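Good morning, colleagues. Please look at the sequence and the structure on the screen before I comment on them.

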Amino acid sequence: MGAPGMGGPPGMGGPPGMGGRNQGGPTPVHSGTAQQADVPVYLSALGTVVANASVTVTSRVDGQLMAVFFTEGQKVAKGQLLAQIDPRSYQATLDQYQGELAQNQALLTSAQLTLARYKALYAQDSLARQDLDTQTATVGQYLGTVKSDQAQINSAKLNLEYARITAPVSGRVGLRLVDPGNMVHSSDTTGIVTITQTQPIAVTFSLPQAHIPVLIKALHHGQSLPATAIDQDGTSVLDQGKLSFISNEIDSDTGSIKLKAIFANDDERLYPNQFVNVKLQTNLLKGATVIPAQAIQLSSDGDFVYVIKADNSVERRAVNSGPVFGTNLQVVLSGVAPGEHVVTEGIDRLNTGSKVTVVDSPVAARVKLPAKDTSTTEGDKASTVSTNGKAAVKDASTTDSGKVPSTTRGVAAQ
């Protein structure tokens with residue numbers, strides 16, 4: 001298509017420019033070219049960051065708190081020693097049970113030897129049956145006593161182990177709730193410290209029940225739906241994760257369903273009780289037709305665009321709009337074919353059959369698709385996650401109706 005200049009004498013409609021047209025001449029317009037792209041479809045929601053696990057560490061035995069081995073706010077690993085209860089009384093109990101076991105084992109050995117002699121005498125008719133039965137019962141009694149002693153030893157060892165309080169999960173400790181020197185009890189509910197597991201971490205959010213079929217279909221087929229956590233301002237990607245849970249019931253008060261996504265949170269940018277925006281990718285439109293969003297106009301009959309034909313006339317064509325792609329593109333599900341040119345500016349005075357002059361260059365008229373960075377090295381991996389995530393958030397988002405909000409479209413004169 002030609003690209004003549006904007007010069008010429010002003011007509012009755014005003015000076016030449018995008019707000020009017022030359023008297024008796026074509027209307028100058030800007031245009032864009034429809035192209036194909038793979039467009040991700042997202043559902044958006046406000047979410048709350050929750051710890052993947054939160055454990056209050058309490059003592060399982062009674063005693064004096066001798067020492068703590070953590071610093072408030074420290075990151076701890078599962079099994080790491082956190083505190084020590086005075087173990088001396090439990091050690092003494094263990095020693096006592098071990099002594100009783102040795103004593104009863106000796107008695108059992110003596111009884112077993114006596115029983116062997118009684119059996120030999122009974123075989124020779126030199127011992128009454130009653131004496132043999134009595135000795136057999138004595139051996140059984142000592143066997144039971146030895147087993148009881150062994151159980152008491154195991155219990156004492158367990159209490160001695162409980163005197164060493166270790167971290168039940170990996171995470172970050174909070175404020176110390178009990179100082180060394182205080183007595184602690186197994187019945188205490190306050191605990192010594194709370195451990196919050198933030199790697200991985202979870203984000204809970206809700207979506208309207210209308211989206212349940214899409215979510216259920218993906219989860220039941222073993223698909224992993226990617227999720228993106230964005231800061232409250234919507235300007236920075238915090239982390240990438242995946243959907244892990246969908247509730248088994250709908251909230252009857254709100255008509256929504258609760259979901260949970262899990263994030264690795266390697267750089268700890270997500271923090272418990274933080275509010276974030278969540279983008280959940282539910283689909284990928286492969287080879288979708290995209291055009292500049294400003295070309296789509298809204299009327300009482302629905303969305304439409306002006307398509308520039310080969311003879312530089314325009315045709316008003318109804319379109320079925322899809323999700324937004326990038327910062328200024330939008331998917332059209334029907335109505336426009338890849339390669340066709342649509343009017344993006346100068347639409348106000350157009351009608352079907354109007355002649356136009358395209359005043360932008362072919363390069364400027366071409367839709368600029370969001371770039372894919374393929375030059376990333378392994379060392380730049382961390383920054384790529386954030387950058388790519390940021391692009392992904394802007395790539396495509398949809399309202400409940402699946403259309404771009406009216407504030408981003410022009411409204412054509414009827």
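Strand 3 (residues 63-68) and strand 8 run antiparallel and are joined by two bridges; two strands pair if DSSP finds at least two bridges between them. Within this pairing, Gly63 has Val184 of strand 8 as its bridge partner. Both strands belong to an open sheet of four strands in the order 6-5-3-8, with antiparallel pairing. Its edge strands, strand 6 (164-166) and strand 8 (183-184), each pair on one side only.

A word on the source. This is a predicted model, in which local features need pLDDT of at least 70 and side-chain atom pairs count only at pLDDT 80 or more, while totals for chains, interfaces and linings use all residues. Residues are numbered from 1 along each chain as its sequence is written, and side-chain values use heavy atoms, with hydrogens and water left out.

Let us turn to the helices. The protein has five helices and 21 strands, taken as DSSP runs (helices H or I, at least four residues; strands E, at least two) and numbered from the N terminus. How do helix 1 and helix 2 run relative to each other? The axes of helix 1 (residues 88-123) and helix 2 (residues 129-162) come within 8 Å and cross at roughly 160°, the axes being lines fitted to C-alpha atoms over the stretch in contact, with angles from 0 to 180 degrees between N-to-C directions. The two helices are therefore roughly antiparallel, a term for angles over 145 degrees.

Finally, 38% of the 414 residues count as buried, that is, under 20% relative accessible area with a 1.4 Å probe, protein chains only.

Methods
Parallel < 35°, antiparallel > 145°, perpendicular 65-115°, else oblique. Buried < 20%, exposed > 50% of the residue type's maximum accessible area, 1.4 Å probe, protein only.
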